Amino acid sequence: MIGPVAVILAAGQGKRMKSDKPKVVHEVCGQSMIRHVVNAAFGAGVSDVVVIVGQGADQVKASLEGISNVHYATQDRQLGTGDAVKSARSALGDYTGAVMILVGDEPCLRSGPLALLLEKQKATKVACLMGTSIAPDPTGYGRILRDTTGRFLRIIEQKDCTPEQAAIKEVNPSCYVFMAPLLWEALEEVVPANAQGEFYLTDAPEILQKKGHEVQALVTLHPDDILGINTRLHLAEAHTIMSRRILEKLMEEGVTVYDPRNTYVDSRAKIGADTVIYPFSVVDGDVTVGKNCRIGPFALIRHGTVLADNVEVGAFVDIVRSDIGEGTLVRHLAYLGDTEVGRHVTVGAGAITANFDGQHKQQTKIGDQVTIGAGSVLVAPTSIGSRSTVGAGAVVTPTRPVPPDTTVVGVPAQPIAKSKENDGRPVDPRQPPR
Ligand code: UD1
Ligand code: CA
């Protein structure tokens with residue numbers, strides 16, 4: 001490993017979540033907590049990440065699929081954070097550089113402050129550098145004890161605090177950078193002499209300092225960054241923080257969001273400039289929206305969807321796994337699933353694709369400049385050729401896809417005949433013959 005390396009602790013179950021899933025696979029804005037932390041570590045410049053797994057290891061690994069340079073080490077029994085870090089030792093082999101240690105339950109960590117910690121450690125080569133934070137409410141965190149000159153003394157866990165210590169607002173976010181050999185040395189000396197009977201990683205800085213190594217604690221992290229998720233309430237708080245960040249970034253990039261508190265955009269979504277998002281709209285998953293689109297109010301755009309430029313999606317529209325071409329309008333109450341839609345198409349109010357045949361999802365293809373009438377049903381797999389029109393209330397079936405330049409009506413939808421008496425204009429088969 002080239003380094004610096006990150007070790008991220010994620011072996012615990014997270015009992016306070018009251019969940020069958022391990023805590024760190026719960027999602028915040030569309031991605032697991034652990035995935036956010038791993039991304040933040042890579043964003044800060046680490047070459048490799050070692051994730052400590054234990055409870056629900058398979059689920060933790062599955063939630064990190066597709067990210068390279070992630071390694072795993074197993075902690076068989078959860079004997080504490082100090083013991084957890086020790087289990088990374090063999091994965092790191094003879095690596096002697098800087099090791100950043102993070103916990104998997106702080107999804108709002110951003111890469112900026114972590115990069116700063118790595119840089120500072122690189123410049124000073126201290127044995128241990130910790131980022132700390134001043135928390136308006138320090139409940140639950142380890143507190144940072146300093147002497148009268150402000151020099152770091154030790155970290156004390158909430159459960160081991162005196163009332164005076166508990167009043168300290170400077171907390172330990174569990175963001176450390178250690179020199180690997182000194183980290184292993186310190187962990188050998190950690191003993192479980194505390195209220196919880198656990199091997200505390202938080203003892204390691206004090207141990208190194210007492211042996212004459214340099215240890216520094218710098219206030220570098222914003223309280224929002226270090227929100228540790230222990231309960232569902234914390235999970236909701238993290239969601240609020242991350243959601244606001246996502247929307248603020250989009251607004252900086254030229255997207256109009258009228259009501260950020262009532263709009264949700266997934267952390268993986270990409271949205272082009274001059275797009276306007278009306279309230280109560282949800283962009284959920286790896287969605288791409290082009291420039292100058294209009295979304296909502298009350299629209300739901302789900303994973304695998306791409307909207308090209310100048311697309312309008314009206315109220316109560318639901319779109320999933322679909323590609324919508326440039327300038328297309330999808331009117332209120334429509335549903336499009338597994339559908340490829342061309343350019344300058346109008347999908348009328350309440351039109352839907354029936355994309356599930358009872359066993360499998362089926363595809364629908366709609367050409368350019370098509371008009372889909374209100375309340376029509378496109379039973380997939382089917383297709384509508386370019387410039388065709390589907391009449392209001394028509395049901396297009398898999399056995400009768402619509403060719404280009406054709407108007408179909410009725411149930412099941414059939415082409416309207418072009419007759420001579422009628423000057424070649426379409427004749428609606430539903431009209432009684434004259
Ligand atoms: C820890 C810190 C505390 C800090 C807080 C917030 C210790 C002793 N305390 O407390 O100072 O303020 O984080 O960052 O380190 N884990 C393992 N194996 C274990 C135990 C824990 O992998 O044996 C993992 C958990 O899955 C979790 C992370 O380590 O992702 C933190 O564990 P948690 O129990 O939440 O620690 P805190 O009590 O919050
Ligand atoms: Ca925690």
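The model is a predicted one. I began with T81, where an N or O atom of the side chain lies 2.6 Å from an oxygen atom of ligand 1. I then checked E106, whose side chain has an N or O atom 2.6 Å from an oxygen atom of ligand 1. For the side chain of D105 I noted 3.1 Å between an N or O atom and an oxygen atom of ligand 1. I also looked up the cover: ligand 1 has 770 Å² of accessible area on its own, and the protein covers 88% of it.

Ligand, surroundings. I found 24 residues around ligand 1, of which Q75, T81, E106, E157 and N172 come nearest. By class I have nine nonpolar, 11 polar and four charged residues in the shell. I asked which elements each supply at least two residues of that shell. They are β1 (5-10), α3 (81-86) and β10 (170-179). The largest share, three residues, comes from β10. I also noted that ligand 1 takes up the space of the largest pocket.

Sheet. I traced an open sheet of 10 strands with mixed pairing, in the order β12-β15-β18-β21-β24-β27-β30-β33-β35-β36. At its edges stand β12 (256-257) and β36 (414-415); each has a single partner strand, so one side of each is left without a neighbour in the sheet. Within the sheet I looked at β27 (residues 346-347) and β30 (residues 371-372), which run parallel and are joined by two bridges. There I recorded V347 opposite I372 in β30.

Notes. Residues are numbered from 1 along each chain as its sequence is written. Chains are lettered from A and ligands numbered from 1 in the order in which they are written. This is a predicted model: local features need pLDDT of at least 70, side-chain atom pairs count only at pLDDT 80 or more; totals for chains, interfaces and linings use all residues. Side-chain values use heavy atoms; hydrogens and water are left out. A residue is near a molecule or strand if one of its heavy atoms lies within 4 Å of it. A polar contact is a pair of N or O atoms within 3.5 Å; within protein, one must be able to donate a hydrogen and the other to accept it, and residues adjacent in sequence count only if both atoms are side-chain atoms. Accessible areas come from the Shrake-Rupley method with a 1.4 Å probe; for residues, only the protein chains shown count as cover. On a 1 Å grid over the protein atoms alone, a cavity is a set of points where a 1.4 Å probe fits but cannot get out, and a pocket is an open set with protein on both sides within 12 Å along at least five of seven lines; lining residues have an atom within 4 Å of a point. A molecule sits in a cavity or pocket if more than half of its atoms lie within 2 Å of its grid points. Helices (H or I, at least four residues) and strands (E, at least two) are DSSP runs, numbered from the N terminus. Ala, Val, Leu, Ile, Met, Phe, Trp, Tyr, Cys and Pro count as nonpolar, Asp, Glu, Lys and Arg as charged, and the others, Gly among them, as polar. Two strands pair if DSSP finds at least two bridges between them.
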